[in-house]
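Student: I have a new structure to look at. Can you walk me through it?

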Amino acid sequence: MMIMSFSLFSQEVKKDTIDTEEINIIKAYTPKIKDAFKVKKEPQAGDDEINNKKSVEYSINSVPVASTFTPAKGKAKGVARKTKEHVYDNFASVGFGNYTTPKIELFLNSSSTRDNNFGALVNFHSSKGNVKDAVLNSNFMKGDLDVFYKNSSRDMDWKVNAGYNYQQQNWYGLPVGNVLTQTQIDAIDEKQVYNGFNFGGNIDYYDAFFKGAKADISVFTDSYKSAELHFLATPKFQFPISTEWLDTNFRVEYISGKMAQDYLTNTEKKYGFYNLGFTPNFKILRDDLTINLGANLVYSGATQNGDKSQFFIYPNVLASYELIQDVITVYANVTGDLQQHSYKNIVAINPFVSPTLSIGRTNEKYNAKLGTKGKLTSSVSFNIHASYKDENAKPLFTLNEDLTNTVTPNNYQYANSFGLVYDNVKTLGFFGELTLDISKELSLGGHANFNTYTTEFQNEAWNLPALKASVFGNYNTNKLAIGANLFYVGDRKDQYKDNSAFVPVLNEITAKSYVDLNLNLGYNFSNRLTAFINGNNLLSSNYDKFTNYKSQGIQVLGGIKYKFDL
């Protein structure tokens, strides 16, 4: 203002000649971020200010309130439980069927202290036979008596048992179209009687290296002066190695016996063997993998007939792996063993053998399996595997030759009994099994086993079927129990030497395949009393279980079972 005033007074006023113009200045905007910096100093707080707590005072103003409410006493809520069903220690079963077939079973069990119990089991079953087209008597009779005593403690259990077995079978299987006269038939005493005595026991330890042992000694005889003594003991040990276990099983076996005569002569036949076995097994357990690495070492000696003493080494390797936990498992096994045969075990398979057998051993060099098992659904389970087995000196049943016109025959020399031949056999097998648990009450299932045999000396694997299969069903409720079983056995080849003609002929024959249907029905009147009815061979197939040995037709047996306490 001073300058303007000064100009007014000191200068002559002139007209402004500068025009008004608008100037736009344009420049790109380039913002910048200033560098950040960290405060180096940390704020300090006094410990006293942090640790010191302010005192707080509370005050309650009590005001009485009138109420007429009275609380009720609480009661614990319980879960309703069903009454526990009583389990009876003893039972008796009595039945009777067509073909004049009584059947009795009795089990008695008691104890004198809380740590022991003792008892007995009795079985009896017989039949008049009456097999269709059988010329000779086809009766049979079986009886068993077993007694036992068992004691339990904190560290171990032990048990002793003894028994007697009686079995009567008849050699009624004369060849089809036999040319025997009635006089010759009447002269045949077809009855054979087997008697068995056994005594044994076992002991089991819980927390010890010695896990236990089992031993059994048996005497087996027949009505043709055959006799056999058999002893077998199997102790077991277990040792820890790091986080795994080493199981060791031992085998001590002795067998001695005689047959009163050979099939063609009256020469006495004796046999005797002893076997010492040692089987170490190292087990490896992982999350989904289980492996058993082991070997089976057996030394077998012979005491009769000049048989050789030999030492055998077999594999004992087993492995399984869960591909899908609790659903699919694959497994593979390679095992082997020396199988010691006995007169008693052979009769259990085929009671129509002659008392002239040659008892031996089978060298099962290896038995390999590869398969898988598991569940397709929660109610459908399966198991399938393929196997290959190599056996030396495997026993095969063959029909004995007919000596009707060559010598004065014994009762088993009319081609109505079986002998044994030994051969080296390789077996390729396939097995499949399927089980369906449709509900808690109903289950169905079945399995099939197909085998092909390769023999070294014999033309066929005599009396071994290529196919065996079965289908089963079970239905169980509190009152009703139903079980059904349909099984199939394929053709079997057999041979025998026919000496009835002027020139002996070696015949090869075929035992045809057969189907058998069995049905069991039980009804519970109470927890104690049950009525049952069993039907066998309901398709009335007149099949040969062994060559020339026809089975009975439809067999029906009914009875009752009663449970009780002593």
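**Salt bridges and their surroundings**

Student: How many salt bridges are there?
Tutor: The count comes to 11 salt bridges. A salt bridge here is a side-chain nitrogen of Lys or Arg within 4 Å of a carboxyl oxygen of Asp or Glu.

Student: What should I know about the model itself?
Tutor: The model is predicted: local features need pLDDT of at least 70, side-chain atom pairs count only at pLDDT 80 or more, and totals for chains, interfaces and linings use all residues. Residues are numbered from 1 along each chain as its sequence is written, and side-chain values use heavy atoms, with hydrogens and water left out.

Student: Why would such side chains pair up?
Tutor: Side chains of opposite charge can pair when their charged atoms come close.

Student: Which residue does Lys-283 meet in a salt bridge?
Tutor: Asp-247, at 3.2 Å from N to O. Strands (E, at least two residues) and helices (H or I, at least four) are DSSP runs, numbered from the N terminus.

Student: Is Asp-247 buried or exposed?
Tutor: Asp-247 is buried, because its relative accessible area is 11%. Buried means under 20%, exposed means over 50%, and partly exposed is in between, using a 1.4 Å probe and protein chains only. Lys-283 is partly exposed, at 37%.

Student: What else does Asp-247 touch?
Tutor: Leaving out residues up to four places away in sequence, Asp-247 touches Phe-237, Gln-238, Thr-279, Pro-280, Asn-281 and Lys-283. Contact means heavy atoms within 4.5 Å. With Gln-238 there is also a side-chain polar contact of 2.8 Å. A polar contact is a pair of N or O atoms within 3.5 Å; within protein, one must be able to donate a hydrogen and the other to accept it, and residues adjacent in sequence count only if both atoms are side-chain atoms.

Student: Next pair. Where does Lys-365 find its partner?
Tutor: Lys-365 forms a salt bridge with Asp-390, with the closest N and O atoms 3.2 Å apart. This pair links distant parts of the chain, 25 residues apart: Lys-365 is in strand E14 (residues 361–377) and Asp-390 is in strand E15 (residues 380–399). Lys-365 is partly exposed at 34% relative accessible area. Asp-390 is buried at 5%.

Student: What does Arg-154 pair with?
Tutor: Its side chain meets that of Asp-155 in a salt bridge, 3.8 Å from N to O. Arg-154 counts as exposed, because its relative accessibility is 75%. Asp-155 is partly exposed at 44%.

Student: New topic. Where is His-125?
Tutor: His-125 is in strand E3 (residues 116–127). His-125 is partly exposed, with a relative accessible area of 26%. Its contacts, not counting residues up to four places away in sequence, include Thr-101, Pro-102 and Phe-140. Between His-125 and Glu-105, the C-alpha to C-alpha distance is 8.7 Å, and they are 20 residues apart in sequence.

Student: And the whole chain: how many helices and strands?
Tutor: The chain has four helices and 26 strands. Buried residues make up 34% of its 566 residues. Of the contacts between residues at least 6 apart in sequence, 58% join residues at least 24 apart.
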